[in-house]
Amino acid sequence: MLSLSIRQYSPQLQSHQHEFTQLVLPLTGVLKLAMPTAMVLLHPGEVVFIAPGTEHGFAAQNLSRFLVLDLAEAPPQFRAYFGQTMMLPAPITSYLTTLEQLLLEPSALLPQAGQLLLDMLCQYPLQPRLDQRLQRAMLYMQQHLGAPLDLALLADQAHLSLSQFKQLFRQQLQQTPGDYLTKLRMQQARQLLQFSDLPVQRIARLCGYNSASAFSARFRQQFQQNPQQFREQPPAL
């Protein structure tokens with residue numbers, strides 16, 4: 001069995017267990033995951049490996065979306081990751097966008113696409129998750145996408161000096177905090193355009209842009225379409 005799906009979770013913590021291996025990969029939002037040994041916050045760019053028979057709780061804010069891979073028989077190398085949260089390498093995080101589109105629109109390519117994800121997870125070495133200080137700042141970004149956020153505020157959330165924060169962020173994520181924040185905002189914008197009927201100006205404010213024109217310019221730079229074009233005709237693969 002190899003089952004691939006996109007899921008959303010309730011803000012209220014729920015729990016269960018199952019007799020198969022499950023991998024959870026956030027697409028947008030943060031997953032609160034109660035594991036036997038600790039409470040974990042799972043961010044985009046990370047994956048958690050849940051072993052068969054493991055009782056676990058889960059909760060997430062509305063509009064958060066997660067790619068879930070269920071495996072009846074997990075590859076042997078996955079056993080070393082059971083109960084852990086690992087960082088995804090860049091090729092896999094890029095590939096998740098393709099998978100999301102395939103799942104939203106029924107496609108005969110989905111079985112092969114799911115197998116390719118599994119092969120990539122086996123092929124690429126996975127690294128331990130981010131420094132907890134960065135996680136605090138990243139969670140703050142996620143929860144305040146519509147607010148004005150500067151580097152000094154984010155460094156304060158991480159309990160780091162500004163220079164330490166910028167250095168550690170680039171070291172662990174291979175991008176600047178500003179670039180990461182822009183990606184988060186554009187991901188949220190894409191979700192709101194695709195799954196809500198909110199006006200573009202309102203979506204711009206929810207994503208931290210006071211100017212609808214500045215928001216549209218950034219969105220076009222990211223997705224090669226302006227927001228209204230994307231809403232009317234999301235990009236096909």
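**Helix pairs, loops and a few buried residues**

Let me start in a loop. Gln174 sits in the loop between helix H5 (162-173) and H6. Helices here are DSSP runs of H or I with at least four residues, strands are runs of E with at least two, and both are numbered from the N terminus.

Some ground rules. This is a predicted model, where local features need pLDDT of at least 70, side-chain atom pairs count only at pLDDT 80 or more, and totals for chains, interfaces and linings use all residues. Residues are numbered from 1 along each chain as its sequence is written, and side-chain values use heavy atoms, with hydrogens and water left out.

Back to Gln174. Its phi is positive, about 55°, although Gln174 is not a glycine. Is Gln174 buried or exposed? Gln174 is exposed, because its relative accessible area is 62%. The cut-offs are these: buried is under 20% relative accessible area, exposed is over 50%, and partly exposed is in between, with a 1.4 Å probe and protein chains only.

Now take Gln224. Gln224 lies in the loop between H8 and helix H9 (227-232). Its phi is near 60°, again a positive value in a residue other than glycine. At 59% relative accessibility, Gln224 counts as exposed.

Next, helix pairs. Two packed helices are described by the angle between their axes and the distance between the axes. The axes are lines fitted to C-alpha atoms, for helices over the stretch in contact, and angles run from 0 to 180 degrees between N-to-C directions.

Look at helix H1, residues 90-104, and helix H2, residues 110-123. They pack at an angle of about 160°, and their axes are 11 Å apart. So H1 and H2 are roughly antiparallel to each other. The angle classes are: under 35 degrees roughly parallel, over 145 roughly antiparallel, 65 to 115 roughly perpendicular, and the rest oblique. H1 passes H2 in a left-handed crossing. Left-handed means the near helix is turned anticlockwise from the far one by less than a right angle; clockwise would be right-handed.

Which residues of H1 and H2 meet? From H1 come Pro91, Ile92, Tyr95, Leu96, Leu99, Leu102 and Leu103. From H2 come Leu110, Ala113, Gly114, Leu116, Leu117, Met120 and Leu121. By class, the contact of H1 with H2 has 13 nonpolar residues, one polar and no charged. Ala, Val, Leu, Ile, Met, Phe, Trp, Tyr, Cys and Pro count as nonpolar, Asp, Glu, Lys and Arg as charged, and the others, Gly among them, as polar. Contact itself means heavy atoms within 4.5 Å.

Second pair. H6 and helix H8 (residues 212-223) pack at an angle of about 95°, with axes 11 Å apart. That makes H6 roughly perpendicular to H8. H6 brings Thr182, Met186, Ala189, Arg190 and Leu193 to this contact, and H8 brings Phe215, Arg218, Phe219, Gln222 and Phe223. The classes are six nonpolar, two polar and two charged residues.

Stay on H6, which covers residues 177-195 and includes Gln191. Gln191 counts as buried, because its relative accessibility is 2%. Leaving aside neighbours within four places in sequence, Gln191 is in contact with Thr28, Arg65, Glu100 and Ser196.

Over to a strand. Thr21 belongs to strand E3, residues 21-28. Thr21 is buried too, at 3% relative accessibility. What does Thr21 touch, not counting residues up to four places away in sequence? The list is Ile50, Pro52, Leu69, Asp70, Leu71, Ala74 and Phe82.

Another loop, between strand E8 (65-71) and strand E9 (85-87), holds Gly83. Gly83 is partly exposed, with a relative accessible area of 46%. Its C-alpha atom is 8.7 Å from that of Thr37, 46 residues apart along the chain. Beyond four places in sequence, Gly83 contacts Met35 and Phe49.

Then helix H5, where we find Leu162. At 37% relative accessibility, Leu162 counts as partly exposed. Leu162 and Ala152 are ten residues apart along the chain, with C-alpha atoms separated by 5.9 Å. Leaving aside neighbours within four places, Leu162 is in contact with Leu151, Ala152 and Ala155.

Last, the cysteines. Cys122 is partly exposed at 28% relative accessible area, whereas Cys207 is buried at 0%.
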